[in-house]
Amino acid sequence: MALLLKRLLWPVRPLAPLGRPVGRRAASVGADAGPAVRVRFAPSPTGIPPDESPRRGGPVGPYQQSQRLELYAQATKALLESGAAYPCFCSPQRLDLLKKEALRNRQTPRYDNRCRNLTQKQVAQKLAKDPKPAIRFRLEGEAPAFQDLVYGWNRHEVASVEGDPVILKSDGFPTYHLACVVDDHHMGISHVLRGSEWLVSTSKHLLLYQALGWQPPRFAHLPLLLNKDGSKLSKRQGDIFLEQFAAADFLPDALLDIITNCGSGFAENQMGRTLPELITQFDLTRITCHSALLDLDKLPEFNRLHLCRLVSNETQRRQLVGKLQALVEETFGSQLQDRDVLDPAYVERIILLRQGHICRLQDLVSPAHSYLWTRPAVGRVQLGTISEKVDAIAKRVLGILEAPSISLTQDMLNRELKKVSEGLEGTRHSTVMQFLRVALSGQLQGPPVAEMMVSLGVKEVRERIQKVLSS
């Protein structure tokens with residue numbers, strides 16, 4: 001048997017015993033969390049920084065599976081020696097035929113355990129032809145019951161409905177069943193939070209823990225996240241990948257916020273929560289078994305709230321200024337008649353004035369906001385269709401701007417522009433506003449005129465009005 005094990009596995013060096021590691025992460029797993037725990041969460045695309053990872057390192061590395069092959073080989077060796085695992089020499093073609101036959105008979109595909117009872121002699125003969133077989137775990141005995149922290153007591157008799165699962169592939173890499181058990185044991189994981197699709201497989205994992213003589217962690221299986229119509233999220237939906245959200249200029253905090261908002265685990269759902277707030281408020285005992293419906297149509301509003309939070313922070317606002325400068329360059333490039341629009345002070349003023357009105361930073365380079373970066377092609381004839389008093393309106397508005405040391409504010413402009421319309425007999429205030437809107441932006445709709453004037457500044461407003469008059 002020792003000779004067979006040598007041929008089945010790469011050389012395995014004995015490893016020093018690993019106790020529970022230091023640097024555990026404190027997490028709230030209920031009303032009375034007790035001592036600090038180490039929690040393994042399923043991978044998240046929402047910007048939650050892990051405490052330990054291949055990039056960040058940690059006390060129980062390495063964290064890349066390819067660098068932990070010796071640990072998996074060591075566990076497999078122990079299972080082979082105890083008879084809890086065995087080599088499988090079935091070809092991919094045979095396994096595919098088994099699957100097709102089961103589907104043809106409308107049965108659930110399962111391995112028929114053909115290699116389970118091979119004698120040592122038969123194994124030795126097959127090893128001569130196939131020195132690197134896959135290793136399967138022997139599903140025998142009654143699966144232990146376990147209390148899931150979300151779904152309550154569970155037991156799944158996997159041996160009666162499934163074939164023996166592969167735990168180590170022929171290339172020496174583990175399947176998830178072996179990897180999660182070995183990694184969680186050696187990393188001192190006390191709680192595993194993962195999707196409810198793994199609830200049934202937990203019985204297999206508990207049998208593996210039992211066969212290896214290890215204490216299993218606590219499990220909490222989380223209900224699935226579904227589309228708003230109740231259908232399952234799928235990788236085939238290209239728009240659910242993180243890269244798509246990033247390309248669409250959505251913030252990781254906003255994505256995290258909407259996901260936690262539509263799920264459970266909190267005393268109340270509210271918009272705009274940050275990661276520190278979510279950590280403080282999260283309570284595992286409040287997670288329900290009901291799947292959550294993700295309505296991505298609401299994501300822009302979540303993003304608006306988190307964008308406002310970034311704007312309110314001076315350091316993060318400076319970063320937004322840099323990003324918007326790059327967006328303006330990328331979007332308008334050679335169309336920029338005046339590169340002063342890239343001045344950090346001007347860009348920051350635009351962000352401050354438009355915060356709360358935009359959902360994404362890239363909204364500021366949309367056609368509706370192009371007037372902020374390029375001068376519109378507006379002629380006197382076009383303004384003449386709005387009012388016959390083009391010169392009179394322009395002269396009075398320019399008069400407001402000629403006051404020495406003038407500092408434009410929206411309140412001041414609203415008062416003065418009201419006086420302009422009142423001083424022109426037969427001219428409505430809405431006409432003056434439309435005149436200015438078209439003269440400054442070339443558009444019939446947009447932000448309030450007073451805000452547009454404050455955004456552009458005295459010099460630019462004056463030049464745009466004078467340009468229209470001289471056209």
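View 1. Across the whole structure, a search finds 4 aromatic pairs, where rings of Phe, Tyr and Trp (its six-membered ring) pair if their centres lie within 6.5 Å, and where planes under 30 degrees apart count as stacked, over 60 as edge-to-face and the rest as tilted. In one of these pairs, the ring centres of Phe-146 and Phe-219 are 6.5 Å apart and the planes stand at 70°, so the arrangement is edge-to-face. Because Phe-146 belongs to strand β4 (residues 146–148) and Phe-219 to strand β8 (residues 218–222), the pair ties together parts that are 73 residues apart in sequence; helices (H or I, at least four residues) and strands (E, at least two) are DSSP runs, numbered from the N terminus. Phe-146 is buried, with a relative accessible area of 7%, and Phe-219 also counts as buried, at 4%, where buried means under 20% relative accessible area, exposed over 50% and partly exposed in between (1.4 Å probe, protein chains only). The model is predicted: local features need pLDDT of at least 70 and side-chain atom pairs count only at pLDDT 80 or more, whereas totals for chains, interfaces and linings use all residues. Residues are numbered from 1 along each chain as its sequence is written, and side-chain values use heavy atoms, with hydrogens and water left out.

**View 2. The aromatic pair of Tyr-346 and Trp-373.** Tyr-346 and Trp-373 form an edge-to-face pair, with 5.8 Å from centre to centre and 90° between the planes. Since Tyr-346 lies in helix α13 and Trp-373 in the loop between α13 and α14 (380–384), this pair ties together parts that are 27 residues apart in sequence. Tyr-346 is buried, with a relative accessible area of 9%, and Trp-373 counts as buried at 2% relative accessibility.

**View 3. Arginine charges over aromatic rings.** The charged end of Arg-136 sits over the ring of Tyr-111, 3.6 Å from its centre, a placement that requires NZ of Lys or CZ of Arg to be within 6 Å of the ring centre and within 35 degrees of the ring normal. The charged end of Arg-360 sits over the ring of Phe-250, 5.6 Å from the centre of that ring.

**View 4. The crossing of α16 and α17.** The axes of α16 and α17, which come within 8 Å, cross at roughly 115°; axes are lines fitted to C-alpha atoms, for helices over the stretch in contact, and angles run from 0 to 180 degrees between N-to-C directions. Leu-417, Lys-418, Val-420 and Ser-421 of α16 make the contact with His-429, Val-432, Met-433 and Leu-436 of α17, contact meaning heavy atoms within 4.5 Å.

**View 5. Helix α18 and its surroundings.** All 8 of the 8 residues of helix α18 (residues 449–456) are buried, so this helix is largely enclosed by the rest of the structure. The cover over its buried residues includes α13 (344–354), α15 (390–401), α16 (410–423), α17 (429–441) and α19 (458–470). After α18 comes Gly-457, whose phi is positive, near 90°. Glu-451 is one of the buried residues of α18, and its C-alpha atom is separated by 9.5 Å from that of Asp-411, 40 residues apart along the chain. Asp-411 lies in helix α16 and, at 56% relative accessibility, counts as exposed.
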